[in-house]
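This briefing is for a reader new to the structure shown below.

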Amino acid sequence: MKKIKAVCVLLAAVIFAGCGAADPDPPADSRSTSDTVGTEGEQTTTATEAVSESETDTEPVSTVPEVIEDPQPEYVEWMLEEKVHEIRIEIDEQEWQAIKNNPYNGDYHPANVSIDGERVENVGLRTRGHASLEYAIEKGTKYPFKIKFDKYVDDQTFMGLDELALNNGGDDFAFIRDYICYEAFQILDGYTSCVTYFNVYLNDELKGFYVGIEAIDKSYLERHFGSHKHNLYEGENGATLETFMSLSCFTQKKGSDTSMEDIQRLIEVLDETPTGEKGDIESCIDVDSVLKMFAVNAVLDNRDGYCGIYAHNYYFYNADGRLVMLPWDMNAPSMSAYTDIASPTIDVFDASSVNSRPLAKKLLAVEEYYARYLDYCGRLTDWLPELKEQVERIYEMIKPCVEADGNIFSSLYWFNYQYSLDNTKGVMYLLTYRYDYLTSRLEELIGASEDAPAA
């Protein structure tokens with residue numbers, strides 16, 4: 001088996017770095033526009049074409065058993081439509097006061113909701129989030145919420161959806177970063193949540209504009225795996241999968257087996273497998289789900305996942321004895337304070353960070369996995385021009401709702417600045433300059449990999 005040259009590890013830098021920081025002082029102009037990325041005829045080779053030339057003969061095989069595809073629940077099409085929906089929450093004033101008195105508690109409270117005019121009674125309502133919740137508490141309004149439709153009524157759903165997360169924009173003034181990351185997983189046929197938008201009213205008062213995300217709960221798991229009864233874990237801060245990591249870094253959400261032996265086995269296998277070899281990795285984790293996670297974070301410059309400084313924002317679901325990596329809380333693309341999006345310095349990283357993320361270190365060192373990872377990066381890179389057009393449509397659609405939101409955590413100016421080409425950590429800057437850089441960089445990495453000496 002060929003050894004991957006040092007350049008293989010360099011690409012891991014795309015997914016190794018810290019979290020975002022505050023934007024610099026904005027320029028006078030609030031928003032700029034530009035032509036679509038990648039003018040037709042200018043590129044002689046697309047990123048995907050470049051990758052395909054270096055692929056091995058081995059076809060990607062998911063370790064997760066194939067699930068018979070039933071018709072998708074009604075809520076899927078409803079959430080994927082480019083539209084702003086309306087949620088009206090009715091909650092007893094005493095229950096609402098209890099939430100405000102102890103917002104960190106996270107207990108559910110009974111409420112009724114009407115979504116686009118369809119009423120669902122006796123649902124569970126609670127606060128959610130970390131930094132976004134702190135922003136809301138500081139301002140005393142616009143809390144991030146979770147709505148659990150079956151909390152008090154067994155099997156109750158909204159169009160088949162059992163739980164909905166409502167993000168308040170505290171972590172993303174553009175209200176778009178979760179949206180584009182989950183869209184990227186759709187492009188790769190990955191395990192992803194549906195995302196949409198809402199104007200949210202509480203007891204007839206407009207609380208503001210929110211991003212709605214399909215929570216990782218029963219309906220999500222049934223949709224992707226045909227079952228929701230196996231072990232589900234959320235990776236909290238420090239879930240690095242190193243041998244000395246405490247299993248308390250994972251919160252078990254579902255499953256009757258609380259031993260966490262599946263997590264412990266993954267840690268042991270990663271530790272025992274020689275770098276560059278597969279070993280027993282495929283027996284305990286769905287490799288494809290991990291590679292897609294890394295590719296989405298790499299292409300969209302999301303530094304707040306497993307490979308970020310906090311090593312969090314992901315779930316594991318045990319499907320037929322193998323852990324599947326699931327994305328969550330994807331609201332940090334292009335917000336890094338460390339590099340310019342279009343600069344080759346994006347390949348600079350702290351070597352100690354690589355060693356402290358064994359799942360990335362061991363998988364990207366395997367030639368077959370690395371080639372597959374590059375292919376996913378290429379497919380997403382080729383999609384960026386289309387994504388830019390979609391983001392421009394979304395901006396025009398949601399702008400009136402943001403203007404009407406009296407509780408946003410920044411201002412309309414800062415919302416617009418997130419879409420400005422003058423903002424090097426903004427969404428439009430990312431989508432405008434990322435395509436050319438990644439196309440060129442992928443070609444370099446592929447060439448370096450092909451030139452690697454045989455073992």
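Two strands pair if DSSP finds at least two bridges between them. Helices (H or I, at least four residues) and strands (E, at least two) are DSSP runs, numbered from the N terminus. This is a predicted model, in which local features need pLDDT of at least 70 and side-chain atom pairs count only at pLDDT 80 or more, while totals for chains, interfaces and linings use all residues. Residues are numbered from 1 along each chain as its sequence is written, and side-chain values use heavy atoms, with hydrogens and water left out.

**Strand E8 and its partners**

- In strand E10 (residues 314-319), Tyr315 is the bridge partner of Glu234.
- E8 and E10 run antiparallel and are joined by four bridges.
- E8 also pairs with strand E9 (residues 250-254), again in the antiparallel sense and over four bridges.
- Phe250 in E9 is the bridge partner of Gly235.
- From strand E8 (residues 232-235), Leu232 and Glu234 point one way, Tyr233 and Gly235 point the other way, and all are buried.
- Buried means under 20% relative accessible area, exposed means over 50%, and partly exposed is in between (1.4 Å probe, protein chains only).

**Around Lys146**

- Lys146 belongs to strand E4 (residues 145-148).
- Its relative accessible area is 11%, so Lys146 is buried.
- The side chains of Lys146 and Glu163 make a polar contact at 3.5 Å.
- A polar contact is a pair of N or O atoms within 3.5 Å; within protein, one must be able to donate a hydrogen and the other to accept it, and residues adjacent in sequence count only if both atoms are side-chain atoms.
- Apart from neighbours within four places in sequence, the residues in contact with Lys146 include Tyr108, Arg126, Arg128, Leu164 and Ala215.
- Contact here means heavy atoms within 4.5 Å.

**Aromatic rings**

- The structure holds 26 aromatic pairs.
- Rings of Phe, Tyr and Trp (its six-membered ring) pair if their centres lie within 6.5 Å; planes under 30 degrees apart count as stacked, over 60 as edge-to-face and the rest as tilted.
- Trp96 and Phe145 form a tilted pair, because their ring planes are at 50°, with the centres 6.1 Å apart.
- This pair links distant parts of the chain, with Trp96 in helix H4 (residues 93-101) and Phe145 in strand E4, 49 residues apart.
- Trp96 is buried at a relative accessible area of 6%, and Phe145 is buried at 1%.
- Phe149 and Phe158 form a stacked pair, because their planes are at 25°, with ring centres 6.1 Å apart.
- Both Phe149 and Phe158 are buried.
- One aromatic cluster is formed by Phe175, Tyr179, Tyr197, Phe209, Tyr395, Phe415 and Tyr419.

**Charges over rings**

- A charge sits over a ring if NZ of Lys or CZ of Arg is within 6 Å of the ring centre and within 35 degrees of the ring normal.
- Arg88 has its charged end over the ring of Tyr201, 3.9 Å from the ring's centre.
- Lys142 lies over the face of Tyr210, 5.3 Å from the ring centre.

**Cysteines**

- Zero disulfides are found in a search of the whole structure.
- A disulfide is a pair of cysteine sulfur atoms within 2.5 Å.
- Cys194 counts as buried at 0% relative accessibility, and Cys307 is buried at 4%.

**Helix H6**

- Helix H6 (residues 177-187) is mostly covered, with nine of its 11 residues buried.
- Among the buried residues of H6 are Arg177, Asp178, Tyr182 and Glu183.
- Asp189, which follows H6, has a positive phi near 55°.

**Loops and positive phi**

- Most residues other than glycine have a negative phi.
- Met260 is not a glycine, yet its phi is positive, about 60°.
- Met260 lies in the loop between E9 and helix H8 (261-272) and is buried, with a relative accessible area of 10%.
- Asp329, also a residue other than glycine, has a positive phi near 60°.
- Asp329 is in the loop between strand E11 (322-327) and helix H11 (351-355) and is partly exposed, with a relative accessible area of 21%.
- Gly308 is in the loop between helix H10 (287-299) and E10, and counts as buried at 3% relative accessibility.
- From C-alpha to C-alpha, Gly308 and Gly238 are 9.9 Å apart in space, and they are 70 residues apart in sequence.
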